[in-house]
Structures are given as structure tokens and as C-alpha cells.
Amino acid sequence: MATMADVALSAGVSVATVSHVLNDTRPVLPRTRQAVLDAVEELGYTPNTLARSLVTSRTRSIGLAVSAISNPYFTEILQGVEAAALEHGYSLLIADPHDDPAHERKVVQLLHERRVEGMIVAPSAQPRELLAYLGRHRVPAVLLDRLVDMPEDGEGPRFDQVCAESTDPTARLVTHLSGLGHRRIALVAGRPGLSTTAERITGYRHGLAASGLPYDERLLVHGRSESAGAERATAALLSLGSRPTALVTANNAMTIGALRALRAHGLSVPGDIALCCFDDFAWADLFTPRLTAIAQPSRDIGARAVRVLLDRLAEPDRPARTERLPCVFVHRTSCGCPDTPERTGRPESPDLPTEGTPS
């Protein structure tokens, strides 16, 4: 295996010059730099990143803590994070906190002990210990997808945050269903305590208000952001004396659970009940009927989180910021609209309610 000394000998320079070229620690003449890079290529030299990190105190690694295994939405975000990290010369260390506050705190500490330069974390519904650890150790971090309340008085740490819009897109689903004549529209909401759950409930209520429909607390159930929970919650809705005629599910896993419950009750979509969902996913266009959905820019969210984290690393003292990315309404047929040649599942521009709708 070639060493740095071999590269220096082949390029006709000192070992120190090779180090400056590879670590970009001092300006080097263009022709000298090229000679070093040519020698690296010819010899197949691979830098010792561990040794480099001991010298420079930089590992060029990012920690990512998301429940990627249990949530396909986060799997797509992971792809965006990985691509952006590699583009900027960073490696990725991944941990799954399983949406459990105690485990979340543990895996974040393990990532920190592996000297990652910063972290991207999708916080749980109870992130107090997580935030305390990040703040106490001054870990550069971006909170992903789920927002947390920040201190308004400037006391305590503030973190950068990146997420998608949730409120208006959910209202869009409700007003679309009401426009088709539905008056009993139910919501299968996610895990209590998550900002995404709260915002989609707010959007649901805004959509009802914009449609002139009353809010009925019996039509709001929690599927806890998982398939099995949504199956139970949907079954509870179907047991009501006056069951809903339309259903909005608040994430992709809960859409699957809701469909299982509808099938178990012998109900068809959209013949017996219309269905719209938050989160588009790869096979949504393969269902019969094809699923009308809100598509989140998952990979873009992951890539944006990396860029925000790199900005933080470059300017540790700059003000924290929250960035929201727009979603897209994907109009298909599970809502009860007829299939047409032009309705191929391609995203449409969102047509969100504006006048008379709270923002």
C-alpha cells in the first residue's frame, strides 16, 4: 500500500507539501499541486483519515439520527443527506433512535463520542434530554422534519431547523374533499407531541373552517404515526353511528394501516369512502385506485439540512434559522375524482385556500 512518503518521492516534493495539498492547509503552486495529485492517482494512494483527524481535529463526518428503518419517508431524506454530504466531502454516521426519547439521547451521545463535526436529528415527541445534551456540549446540530419550541428570551440554545410545510397542504386535502361534496371528513393524525402532528391537525381544522364545516372531535383520531395504530384508529372511526365519508391520513405508514382497516370492513375506496393522504410514496400510483396525496420534497429536505449544517460549521455564531420547503398536491383518483388521460400522477402546483383561511 502506497504511503505519503511514496507520493512525495514520485512527485519530487516533500512529505509536508503532499500533506498541504491533500489537507488544503497551505497554498501550493498549481504545477506542484498537480504533480502531487498525479502521483496520488498513479500510486493509488488512500489518505489515512483517522490520522488526519488526529492532526487537524476534523473528521469530516456528519451524524444522522433518524428513524429510517421504521419510516420510509426518512429513508428518502437519508438519501438526500448522504448525497449532499458526499458532494461536500463528508462521510455519514447513521443511528436510529426509534422515536424513543431515552434511546435518542443515547445514540446522539454515541455519535458525539465518535467526533462527528455536526449532527442532523429528527427529534422525538419528548426531546428535552436530546436538546439539553446538544446544548450542553455545544454540538452543531440541525433539527429535521419536526420542529421544537425555542426559547424566546434568548436563554438556552437555539438550533437550526429544516422541515416541509404541513398546515396549508393538509387544509388543501380537506377543502378538496369538501369540494367533492363530503361533509363528514375524518383525520387520522400522528403521534401526539410531534410538531408535524400538531400542524396537520391545525391544517385539518383550517380546511374545515374554510369549507364551512363544523369540527367534530369524534372524527379526529390518532394513529400514532404507524400502520398498526392507524388501522385501530380507522376501525374506531368506522364504528361510529354516523361514520365519515372521507378520510385524510397524516403520513404514509398510517395510509397503509387505514387501507387495511377499510378492507377488513369490506369498504372500497373511493366507492364507499374517499381517501387522501399526507406523504406521497413510490408505489402510491400503483394502488387501485391511485392515491391522491401531498408529496413532501424528502430528498431536498435532507440536502438542505446538510447545507444548513455546513453553514453553521462555517459560522458558529450566526443566528439560528428555520427553513420550510413547499409540498405539492398530487391529484389522482382515491379522492373520488374520475380518472382522465391527463391525470397521470404527476405533481400539480398546490392550489391552497387563501381567502378566509387562517395562515
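This note goes through a predicted model of one protein chain, from its overall make-up to a few individual residues.

1. Basis of the note. The model is predicted, so local features are taken only where pLDDT is at least 70 and side-chain atom pairs only at pLDDT 80 or more, whereas totals for chains, interfaces and linings use all residues. Residues are numbered from 1 along each chain as its sequence is written, and side-chain values use heavy atoms, with hydrogens and water left out.

2. Overall make-up. The chain holds 12 helices and 12 strands, where helices (H or I, at least four residues) and strands (E, at least two) are DSSP runs numbered from the N terminus. Of the 359 residues in the chain, 50% are buried, a term that stands for under 20% relative accessible area, with exposed meaning over 50% and partly exposed in between (1.4 Å probe, protein chains only). Among contacts with a separation of 6 or more, 68% join residues 24 or more positions apart, a contact being heavy atoms within 4.5 Å.

3. Helices α1 and α3. Two packed helices are described by the angle between their axes and the distance between the axes. Helix α1 (residues 4-11) packs against helix α3 (residues 30-43) at an angle of about 120°, and their axes are 9 Å apart; axes here are lines fitted to C-alpha atoms, for helices over the stretch in contact, and angles run from 0 to 180 degrees between N-to-C directions. That angle makes α1 oblique to α3, given that angles under 35 degrees count as roughly parallel, over 145 as roughly antiparallel, 65 to 115 as roughly perpendicular and the rest as oblique. On the α1 side the contact is formed by Asp6, Val7, Ser10 and Ala11, which meet Ala35, Val36, Ala39, Val40, Glu42 and Leu43 in α3. The residues of this contact divide into 7 nonpolar, 1 polar and 2 charged (Ala, Val, Leu, Ile, Met, Phe, Trp, Tyr, Cys and Pro count as nonpolar, Asp, Glu, Lys and Arg as charged, and the others, Gly among them, as polar).

4. Helices α6 and α7. Helix α6 (residues 101-113) and helix α7 (residues 128-136) have axes 9 Å apart and pack at an angle of about 20°, and they are therefore roughly parallel to each other. From α6, the residues Glu104, Arg105, Val108, Gln109 and His112 meet Glu129, Leu130, Tyr133, Leu134 and Arg136 in α7. By class, the residues of the contact of α6 with α7 are 4 nonpolar, 2 polar and 4 charged.

5. Backbone details in loops. The peptide bond from Val269 to Pro270 is cis, with omega near 0°, and Pro270 belongs to the loop between α11 (252-264) and β9 (274-278). His98, although not a glycine, has a positive phi of about 55°; it lies in the loop between β2 (91-95) and α6, and at a relative accessible area of 49% His98 is partly exposed. Ser225, also not a glycine, has a positive phi of about 65° and sits in the loop between β7 (220-222) and α10 (227-238).

6. Two arginines. Arg332 lies in the segment after β12 (328-330) and is buried, with a relative accessible area of 4%; a polar atom of the side chain of Arg332 lies 2.6 Å from the backbone oxygen of Leu291. Arg307, found in helix α12 (residues 298-314), is partly exposed at 38% relative accessibility. The C-alpha atom of Arg307 is separated by 9.9 Å from that of Val142, 165 residues apart along the chain.

Technical notes
Polar contact = N/O pair within 3.5 Å; in protein donor to acceptor, adjacent residues only side chain to side chain.
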